[in-house]
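Here is a short report on the fold of one protein.

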Amino acid sequence: MHWQTCFYAIFLIWCISLLPGNKSEDLKRKKRESKKSNGYPNLSSFPTNFFTETYKKFVNNRPIIGIIPMPMDGDKLLVENPTAYLKEYFGGSFVKLIEMGGGKAIPLTEDLMFNKRKLRKLLKSINGVLIPGGDGDLADSGFSIISQEVVEYSRKQAKKGIPYPVLGICRGSQMIMQLGSEEEILRPSDSSNLTLPLTLTKDARDSQIFGHATEDLLRVVQEKPITFNAHIYSVLYETFEQHPELQKQFRVTSTNFDRRGIKFISTYEDKFAPIFGLQWHPEKSLFVHNPVQAVDHSIFAIAVAQYISNVFMGFARQNPNQFKTRREEEKHLIYNTLPLYVGNVTETPYEQIYMFPLFSPKLVNRKVKIPLQR
């Protein structure tokens, strides 16, 4: 009879627990439902284990990143801002992406293509390079020549075991991969003003760029259309498979399909150095707010963009380069150049831009019709 009494007692307690008035069980159930509906309870912009594993390798808490400008070839920025004529530029959002990761920026201007010695000295004074998006020439411009020097220097440093990160975004991403082939590898892509979720490859989880992301961040980037694309050309996955030299050098970590259903490479990295290519724009989710553009500004997009900045700058903190004197450093900093507000220009892809004089005769002597300023 004793076991029957215990059974009935347990049964009675269980029945009471199911009553609506049981606040303890209601609270537990609501927490479970809240966690389930939230979907991403551990979303974080901080790479898991990355700082734990590498902070002892940090040798520089004041990293400086170079940014390569490109010629201002028109569109509405040139038409509506005649002061941009005979200038090269990059978006202010790229500077902010570096600053939010705890770094400072310097421009690697076009005149450096004529003085390789000065360029190489400068590369040895900074801790990484960002090759930005835009419409720069991939052939023989200062943008392409300086990019090539940067990529080669990063790979040489990697062989010595010294990280020198290079991040290419949009056009910069195309530039890095184009340097790896003697053939033209870009193809038309209907991907302008388009937000997409990434399709991660099997290599993504163990990659340099995504290998330390939280599981929820990886879920977000695959499930939500938060990566903004602004390109009309891209490296198609089919093209990549046709070039063994590219497959030997690069690891594809994500792909996407354009509006026509054509598969292109959206994220990749160098197999032997901390060199990364993003066909999409993390910086725009943070700093570009033109409503004409389909940029996602949700907290999910923000977390992913911050993650990219943290990983990139984490590698930069492992690089020991520095200027010999503070005065020399200050001479090169972006703070010596005032940004121009262009957010009021219809359909502009930037809020602010930084501009620098052009020196190349090929670019200075080109004929561009400039309308009268109103």
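## The nonpolar core

The largest nonpolar core of this predicted model holds 86 residues. A nonpolar core is a set of buried Ala, Val, Leu, Ile, Met, Phe, Trp, Tyr and Cys residues joined through side-chain atoms within 4.5 Å. Buried means under 20% relative accessible area, with a 1.4 Å probe and protein chains only; exposed means over 50%, and partly exposed lies in between. Leu108, Leu123, Ile126, Val129, Leu167 and Met177 touch the most other members. Helix α13 (residues 299–316) gives the largest share of this core, 11 residues.

Leu167 touches Leu97, Val129, Leu130, Ile131, Phe276, Leu278, Ile308 and Phe312. That list leaves out residues up to four places away in sequence. Contact means heavy atoms within 4.5 Å.

## Basis and overall makeup

Residues are numbered from 1 along each chain as its sequence is written, and side-chain values use heavy atoms, without hydrogens and water. In this predicted model, local features need pLDDT of at least 70 and side-chain atom pairs count only at pLDDT 80 or more, while totals for chains, interfaces and linings use all residues.

The protein has 15 helices and 14 strands. These are DSSP runs numbered from the N terminus: helices are H or I with at least four residues, strands are E with at least two. Of the 374 residues, 51% are buried. Take the contacts between residues at least 6 apart in sequence: 77% of them join residues at least 24 apart.

Two strands pair if DSSP finds at least two bridges between them. Strand β11 (residues 263–270) runs antiparallel to β12, with 3 bridges. Tyr268 stands opposite Gly277 in β12.

Another open sheet has 4 strands, ordered β2-β3-β14-β13, with antiparallel pairing. Its edges are β2 (70–71) and β13 (340–341). Strands β3 (residues 87–91) and β14 (residues 352–357) share 5 antiparallel bridges. Lys87 has Pro357 in β14 as its bridge partner. Helix α5 (residues 92–99) packs on this sheet and touches β3 and β14. The direction of α5 makes about 45° with that of β3; angles run from 0 to 180 degrees between N-to-C directions, and axes are lines fitted to C-alpha atoms, for helices over the stretch in contact.

Helix α7 (residues 142–159) has 18 residues and should span 26 Å at 1.5 Å a residue. The expected span is 1.5 Å times one less than the number of residues. The end C-alpha atoms of α7 are 26 Å apart, which agrees. Buried residues of α7 include Phe143, Ile146, Val150, Val151 and Tyr153. Among the elements covering them are α6 (116–123), β6 (166–169) and α8 (171–178). Gly161 follows α7, with a positive phi near 80°.

Helix α9 (residues 215–223) packs on α13 at about 120°, with axes 10 Å apart. Leu217, Val220 and Val221 of α9 meet Phe300, Ala303, Val304 and Tyr307 of α13.

## Leu236, a loop residue

Is Leu236 buried or exposed? Leu236 is buried, because its relative accessible area is 11%. Leu236 lies in the loop between β9 (227–234) and α10 (237–241). Leaving out residues up to four places away in sequence, Leu236 touches Arg187, Pro188, Ile262, Lys263 and Phe264. Phe257 is 21 residues from Leu236 along the chain, and their C-alpha atoms are separated by 9.4 Å.
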